[in-house]
Amino acid sequence: MTSRCHVHPSRKLSGISYSLRGPLASQAERMRAAGKDVIALNLGDPAVYGLPPARKVVQAVRDHLDHSCGYSSAAGLPDARDAVARHYRSKGLDSVQSGDVYLGNGVSELAPLCLHALLNPRDQVLIPAPDYPMWTASVAMAGGRPVHYRCDEASNWYPDPGDIARKVTDRTRAIVVINPNNPTGAVWPGEILDGIADVARRHDLVLLADEIYADFLYDGTRHTPLATCAPDVPCLTFGGLSKRSRIPGYRMGWLALTGCRGPASDYVTALDTLATLRLCPNVPAQRAVETALHLDDTTALTAPGGALCLRRDHLWRLLAGIPGVRTVKPQGAFYVFPRITAGQYRLGDDERLAADLLHEEGLLVVPGSGLGPVPPGHLRMVTLPQPDVLTEAVNRLARFLERRCISGPSTTNHGTSPKARSHSGKERRPPR
Ligand code: PLP
């Protein structure tokens, strides 16, 4: 017998979604279960694409399992917090002590926690557009109002601190910075970060610096930790092992507080309370933090010839070969954010485009519209898969676009002979 009682979800959740694992991803699962060949380029999970985890880190967890059964202190084990503090001091965040570090079950746990501790109803938080959607959702769930500031594709996807300043109101409490950026792969330069720090300083705002991709940099690009631009401004820097050690399933992240002594001490008390309420972070994974922060095995992946650098180059070059597709070359992280230019193809909105791509070609990507207010025609793809998988994915995209080409079939490699550009396993020169 079916119940007539309807259970209403909370109104707090209206408009909250997570496009990376939304209905399209569920449809892709169903298609796979029905035996369809689906290439999924939607998740920034290295394990899904066969990139091995840092072995020593896995071993460190294994070695300590027997004495990881109890709760740890709420903010985490002293050794692990100390290791994070040392790590940040070595990056120029001179003031960080172990007491300034909170460990958590990934940045995905700590971001909502710090926002709940900060926001009153309708307080505003400035968030980059495009955005990693956890931030927009977390602000809304904490009762705040996400206000997006624009990252400009024509300027390497950098934001303009002047635009950020113009969006500050008397309800603004914080500015989120995601650098290196997901989804654009941009690495924002020091001058822009100085400008953002200055906006925070002038308006008494908190800086929330999501730097989980700080170890994934290409072409000699340097990363400036936001906190080094603002030692006098309350700043929470987020990082973790999901990407660095390629163990997102272990759920280990952290935040480090700087500029928070004195004026922000009530806020720190609120953070302590919330950290206590969730009892503690996953203890086995905390055992790996020290080992993980001693290892530098990401440079081998991102240096020229390294697996991630090759895959980024390969995907970017293939996309550049499709007429009307423009992609700013990512300098960090492991995503590309191509734009399909209007006027060349008959396409619906981004959601329609991504849905049609999945159904017609078995290619799962994230529509740009799921990543905040961005101009139409953008898709996010991960660069993590093997080159031959990326080749096949771009062939599918090219074939799909060819069918929608307004001026009839094109004469590119992709258009007339999609298989012609299969991967040779070696670096090739970009087309321009
Ligand atoms: N921040 C950004 C920018 C991300 O891309 C991700 C995951 O993809 C996260 C945070 C979540 O990280 P965690 O696994 O530590 O929760």
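**A walk through a predicted model**

R122 lies in the loop between α4 and β3. Helices (H or I, at least four residues) and strands (E, at least two) are DSSP runs, numbered from the N terminus. This is a predicted model, in which local features need pLDDT of at least 70 and side-chain atom pairs count only at pLDDT 80 or more, while totals for chains, interfaces and linings use all residues. Residues are numbered from 1 along each chain as its sequence is written, and side-chain values use heavy atoms, with hydrogens and water left out.

Stay with the backbone for a moment. Most residues other than glycine have a negative phi, and most peptide bonds are trans. R122 is not a glycine, yet its phi is positive, about 75°. Where are the cis bonds? One runs from A129 to P130, with omega near 0°. P130 sits in the loop between β3 (124-129) and α5 (134-141). Another cis bond runs from N179 to P180, with omega near -10°. The loop between β6 (172-178) and α7 (190-203) holds P180.

Now turn to the sheets. Two strands pair if DSSP finds at least two bridges between them. T237 stands opposite A256 in β9.

Another open sheet has three strands. Their order is β11-β15-β14, with antiparallel pairing. Here β11 (335-336) and β14 (366-367) stand at the edges; each has a single partner strand, so one side of each lacks a neighbour in the sheet. β14 pairs with β15 (residues 379-382) in the antiparallel sense over two bridges. P367 stands opposite L379 in β15.

Next comes the ligand. How many residues surround the ligand? The number is 13, and the closest are S108, D210, Y213, S242 and K243. A residue counts as near if one of its heavy atoms lies within 4 Å of the molecule. By class, this shell has six nonpolar, four polar and three charged residues. Ala, Val, Leu, Ile, Met, Phe, Trp, Tyr, Cys and Pro count as nonpolar, Asp, Glu, Lys and Arg as charged, and the others, Gly among them, as polar.

Look at individual atoms. A polar side-chain atom of S108 lies 2.5 Å from an oxygen atom of the ligand. For N182, a polar side-chain atom lies 2.8 Å from a ligand oxygen atom. D210 places a polar side-chain atom 2.6 Å from a nitrogen atom of the ligand. The protein covers 95% of the 400 Å² of accessible area (Shrake-Rupley method, 1.4 Å probe) that the ligand has on its own. Two or more residues of the shell come from each of α4 (107-118) and α9 (241-244).

D215 lies in the loop between β7 (206-210) and α8 (226-229). Its side chain joins that of R244 through a polar contact of 3.1 Å. A polar contact is a pair of N or O atoms within 3.5 Å; within protein, one must be able to donate a hydrogen and the other to accept it, and residues adjacent in sequence count only if both atoms are side-chain atoms. Leaving aside neighbours within four places in sequence, D215 is in contact (heavy atoms within 4.5 Å) with R244, T298 and T302.

Finally, consider confidence. pLDDT is the predictor's confidence in each residue, from 0 to 100. The protein chain has a mean pLDDT of 91, and 92% of its residues reach 70 or more. Over residues 413-432 the pLDDT is below 50. Beyond near neighbours in sequence, this stretch has 44 contacts in the model. Where pLDDT is low, the predicted coordinates should not be read in detail.
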